[in-house]
Amino acid sequence: LKGLLPLPARGEVVARFGSPRRGGRLRWRGIVIAAPAGSPVRAVAPGRVVFADWLRGYGLLLIVDHGEGYMSLYGFNERLDKQVGDPVQAGEQVAAAGGPQGPWRPGLYFEIRHRGRPLDPLAWCRVDR
């Protein structure tokens, strides 16, 4: 599915994988998508929710296990629409994008991990230009 997945929210990518975070010592392990607060956040692939709660640094966070060691993380949400154990389908709404997060406009934080290692989401998702 590399290069074929949709982005989980509509909006502009305002922080890229590996770019410095505010302060410069830490780097983004995912991307930040500027999206209107309350806008749909959709699962990029089918799977099962393994985490759905508040987590420091991520706000309301939802994690979907896609099998074979792949997971997607959706953070900075204002609302979670799924609970731990829920199955999700590709394209199904799983959350609503959150309000401003620190210096960021409203939006979504998104990561893809394989066996715990973060991968560049833009290498996996097609970005309509």
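Two strands count as paired here if DSSP finds at least two bridges between them. Strands (E, at least two residues) and helices (H or I, at least four) are DSSP runs, numbered from the N terminus.

A note to myself on provenance: this is a predicted model, where local features need pLDDT of at least 70, side-chain atom pairs count only at pLDDT 80 or more, and totals for chains, interfaces and linings use all residues. Residues are numbered from 1 along each chain as its sequence is written, and side-chain values use heavy atoms, with hydrogens and water left out.

**Entry: strand 9**

I looked up the partners next. In strand 9, A96 is the bridge partner of R79. A96 also stands opposite P40. Strand 4 (residues 40–42) pairs with strand 9 in the antiparallel sense, again over 3 bridges. How many residues of strand 9 are buried? I got 4 of 5 for this strand (residues 93–97), so I noted it as mostly covered. My cut-offs for relative accessible area are under 20% for buried, over 50% for exposed and partly exposed in between (1.4 Å probe, protein chains only).

**Entry: P36**

I found P36 in the loop between strand 3 and strand 4. P36 counts as exposed, at 55% relative accessibility. Leaving aside neighbours within four places in sequence, P36 is in contact (heavy atoms within 4.5 Å) with A97 and P106. I also checked P36 against Q93: their C-alpha atoms are separated by 15 Å, and the two residues are 57 apart along the chain.

**Entry: aromatic rings**

I counted 5 aromatic pairs in the structure. Rings of Phe, Tyr and Trp (its six-membered ring) pair if their centres lie within 6.5 Å; planes under 30 degrees apart count as stacked, over 60 as edge-to-face and the rest as tilted. W28 and Y109 have ring centres 5.5 Å apart and planes at 40°, so I logged the pair as tilted. W28 lies in the loop between strand 2 (12–15) and strand 3 (31–34) and Y109 in strand 10 (residues 107–114), so this pair ties together parts that are 81 residues apart in sequence. Both W28 and Y109 are buried.

Then I took F76 with Y109: the centres are 5.7 Å apart and the planes at 40°, so this pair is tilted. It links distant parts of the chain, with F76 in strand 7 (residues 70–80) and Y109 in strand 10, 33 residues apart. W28, Y58, F76 and Y109 form one aromatic cluster.

**Entry: positive phi**

Most residues other than glycine have a negative phi. Which phi did I find for F76? F76 has a positive value of about 65° although it is not a glycine. F76 is buried, with a relative accessible area of 6%. R115 is another non-glycine residue with a positive phi, near 50°. R115 sits in the loop between strand 10 and strand 11 (117–119), and is exposed, with a relative accessible area of 65%.

**Entry: cores**

Last, I looked up the nonpolar cores, which are sets of buried Ala, Val, Leu, Ile, Met, Phe, Trp, Tyr and Cys residues joined through side-chain atoms within 4.5 Å. The largest has 26 residues, and Y74 and F110 have the most contacts inside it. Strand 3, strand 6 (59–67), strand 9, strand 10 and helix 1 (121–124) each supply at least two residues of this core. A second, separate core has 9 residues, including A15, L61, I63 and L73.
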